[in-house]
Amino acid sequence: MARSSSGIVAGLTVAALAAVGFLAFQAQANVPDTLGEPSGSVSPTASAPKTPKAAKKDPAALPAPSGTGVRVVYSTGADRVWLVGAGNKVKRTFEVTPGTVDPAAGTYAVTSRTGATPGSDGTQIEHVVRFTQVDSVAVGFSAAVSGSTEAPDPEKKVGGIRASRADGDAMWAFATVGAKVVVIK
């Protein structure tokens, strides 16, 4: 019996060594080429390590001064929209092409919605979500049926804030009449 158990132990040892060798090979294959190389000149008289540069701000991150609760946040300075759900969780963010008329910073509510209509620039638009007026110009979000997000004619007063069709669909589903819209700079 001693002979067969020593054979089993030897077989298990060989299998274990083969597994370790295979794992070592895989680990070495995934090591970056630069691992272990000096990253720059190091002076023996160097003082305390430098503070790393500040991380670049994520342009898609929800700005701090953007209100509370479920809301649409629109930044006129960043030309970006955030759809914010319960718990201050961003459900979606996207870039938009603003009209020539910007609303003032503040808190608004969605006043009306239209499924499809010609825009003030003559472009066929869908999923229009209006939330204010500036000098008798309705301001709201929409998407061109053609998918275009071209900037409007700067000579015309246009309050349409254009999004892609997919983003317009998301806005339409999210921002019903009465929904809060927070405009920030």
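This is a predicted model: local features need pLDDT of at least 70, side-chain atom pairs count only at pLDDT 80 or more; totals for chains, interfaces and linings use all residues.
Student: What makes S6 and S7 a pair of strands?

Tutor: Two strands count as paired if at least two bridges are found between them, and S6 and S7, which run antiparallel, are joined by seven bridges, so the pair meets the definition. One of the bridges can be found from Glu-126, whose partner in S7 is Ala-143.

Student: How do you know that S5 and S6 are paired?

Tutor: Six bridges join S5 to S6, and these strands run antiparallel; since the definition asks for at least two bridges, S5 and S6 therefore count as paired. Thr-117 stands opposite Ile-125 in S6, and the hairpin formed by S5 and S6 has five residues between the strands, with Gly-122 in the turn at a positive phi of about 90°.

Student: Why do S5 and S8 stand at the edges of the sheet?

Tutor: The open sheet has four strands in the order S5-S6-S7-S8, with mixed pairing. S5 and S8 each have a single partner strand, so one side of each is left without a neighbour in the sheet. On average, neighbouring strands of this sheet are turned by 30° against each other, direction ignored.

Student: What packs on the sheet, and which strands does it touch?

Tutor: Helix H2, residues 165-174, packs on the sheet and touches S5, S6, S7 and S8, while its direction makes about 55° with that of S6.

Student: Why is Gly-159 called buried?

Tutor: A residue is called buried under 20% relative accessible area, and Gly-159, in the loop between S7 and S8, has a relative accessibility of 3%, so Gly-159 counts as buried. Leaving aside neighbours within four places in sequence, Gly-159 is in contact with Val-101, Val-137, Ala-138, Val-139 and Gly-140.

Student: Which elements give two or more residues to the lining of the largest pocket, and how much space lies in that pocket?

Tutor: About 230 Å³ of space lies in the largest pocket. Its lining has 18 residues, and the closest to the centre are Ser-120, Ile-125, Arg-130, Ala-138 and Gly-160. The elements that give two or more residues to this lining are S5, S6, S7 and S8, and the largest share, six residues, comes from S7.

Student: How do the residues of that lining divide into nonpolar, polar and charged?

Tutor: Eight residues of the lining are nonpolar, seven are polar and three are charged.

Technical notes. Residues are numbered from 1 along each chain as its sequence is written. Side-chain values use heavy atoms; hydrogens and water are left out. On a 1 Å grid over the protein atoms alone, a cavity is a set of points where a 1.4 Å probe fits but cannot get out, and a pocket is an open set with protein on both sides within 12 Å along at least five of seven lines; lining residues have an atom within 4 Å of a point. Grid points are joined across faces, edges and corners, and a volume is the space filled by probe spheres set on the points. Ala, Val, Leu, Ile, Met, Phe, Trp, Tyr, Cys and Pro count as nonpolar, Asp, Glu, Lys and Arg as charged, and the others, Gly among them, as polar. Axes are lines fitted to C-alpha atoms, for helices over the stretch in contact, and angles run from 0 to 180 degrees between N-to-C directions. Contact means heavy atoms within 4.5 Å. Buried means under 20% relative accessible area, exposed over 50%, partly exposed in between (1.4 Å probe, protein chains only).
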